[in-house]
Amino acid sequence: MKKNLETLCVQAGWTPKKGEPRVLPIYQSTTFKYETSEQMARLFDLEDEGYFYTRLANPTNDAVAAKINALEGGVGCVLTSSGQAANFYAIFNICSAGDHFITSNTIYGGTYNLFGVTLKKLGIECTFVDPDWDDEHIEAEFRPNTKCFFGETISNPGGNVFDIERFARMAHRHGVPLIVDNTFATPINCRPFEWGCDIVTHSTTKYMDGHATQVGGAVVDSGNFDWDAHADKFPGLTTPDESYHGLTYTKTFGKKAYITKLVSQLMRDLGSIPSPHNSFLLNLGLETLHLRMPRHCENAQRVAEWLEKNDKVAWVNYCGLNGNKYYDLAQKYLPNGSCGVIAFGLKGSKEDAIRFMDNLDFIAIVTHVADARTCVLHPASHTHRQLSDEQLLEAGVRPDLIRLSVGIENSDDIIADLEQAMKKM
Ligand SMILES: *Cc1c(COP(=O)(O)O)cnc(C)c1O
């Protein structure tokens, strides 16, 4: 039976059989028992399916991955121990030393570093492009060894909306997949696969969890990219893997080639799995994702409109504001709302901004976004402090930018708190 997103949030993933717990159980066990040595041998020979070691698969983790997979409409999903691990695996699954990929430059600071510094040390080169450039300018960056294109549906913290259809078209013209980090939109507000994206990643730490209780990530495969059609670019998927019984992923697993390789090679060797307990917490968050997202958006819209009219505020960036640079793209990709994160700048000095943040009452200064509680952060002095001013601007982060993550409290109270703190500036 085909179910709507709201039902999938509550029901997908765990379907208990007779006498089993109604609520997803936490299988807090590293290993799983079999009766005979032969049963175990059959698992290792890939002749039987079954759990044997939690690094490779765990029933709690799998149930939550299945829920996220259903929400995104993919063929397979893998949970990781963080959003960073998810983005690393998504790229590293198809890029190795000597390869190149292209990314939008308006991405999360941690991802910016991962791509520009750490992957570079592994011999993987990345070109940062401004998504506002014209097609010709961006397409000039594709090289024979380019393996994918990367962007964020709604960028953190800049709030830019990524034109998924346009970049999918460009990537596919060059025979490579489009990978989209869908953390801020969540599948409730945007399902990138419907716009031609091939692989979706998430930091589940944010709205999916929604309560700031666990750090986690996910990679979801649409199954739509035809690796065999570009076999020379993706030998890891289209030629035998000697470390895995000499099988060829595209031949043996078809549409699930990419996601199967990610588990059986990267997870096996690098091991960034979430704990089953964290997956349990993530699942509790997912059960109300469809209720929380509209409330985050409704509150953020009201707060953004209030900020825009406030004479202490220099500028506001929220794609739900009519007249915003990304308003039209948001109407297309995010018709039901974008997210709760607003970027704005205050008139006055950096010290004024700091005084404003220090005077907030229940709105807290925390290194987090996208959970139930409203919070603020000044990326230039917090999350992005490793970037130079030039890099900050390149990443779409103005030095005076305050990132306000609007929670699900009463919006009158959120506005009242902002107002009293501004009065003390
Ligand atoms: C937070 C974030 C990440 C990194 O996720 P962690 O769970 O903190 O490792 C990646 N992408 C985006 C868009 C994020 O907001």
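The model is predicted, so local features need pLDDT of at least 70 and side-chain atom pairs count only at pLDDT 80 or more, while totals for chains, interfaces and linings use all residues. Residues are numbered from 1 along each chain as its sequence is written, and side-chain values use heavy atoms, with hydrogens and water left out.

**Ligand contacts**
- The side chain of Asn-156 places an N or O atom 2.8 Å from an oxygen atom of the ligand.
- An N or O atom in the side chain of Asp-181 is 2.7 Å from a nitrogen atom of the ligand.
- An oxygen atom of the ligand lies 2.8 Å from a polar side-chain atom of Ser-203.
- The protein buries 92% of the 380 Å² that the ligand exposes when taken alone (Shrake-Rupley method, 1.4 Å probe).

**Shell composition**

**Cysteines**
- A search of the whole structure finds 0 disulfides (pairs of cysteine sulfur atoms within 2.5 Å).
- Cys-148 is in no disulfide, and the nearest cysteine sulfur, that of Cys-95, is 4.4 Å away.
- Cys-148 counts as buried, at 0% relative accessibility (buried means under 20% relative accessible area, with a 1.4 Å probe and protein chains only).
- Cys-319 is in no disulfide either, the nearest cysteine sulfur being that of Cys-339, 6.4 Å away.
- Cys-319 is buried, with a relative accessible area of 3%.

Notes: Polar contact = N/O pair within 3.5 Å; in protein donor to acceptor, adjacent residues only side chain to side chain. Buried < 20%, exposed > 50% of the residue type's maximum accessible area, 1.4 Å probe, protein only.
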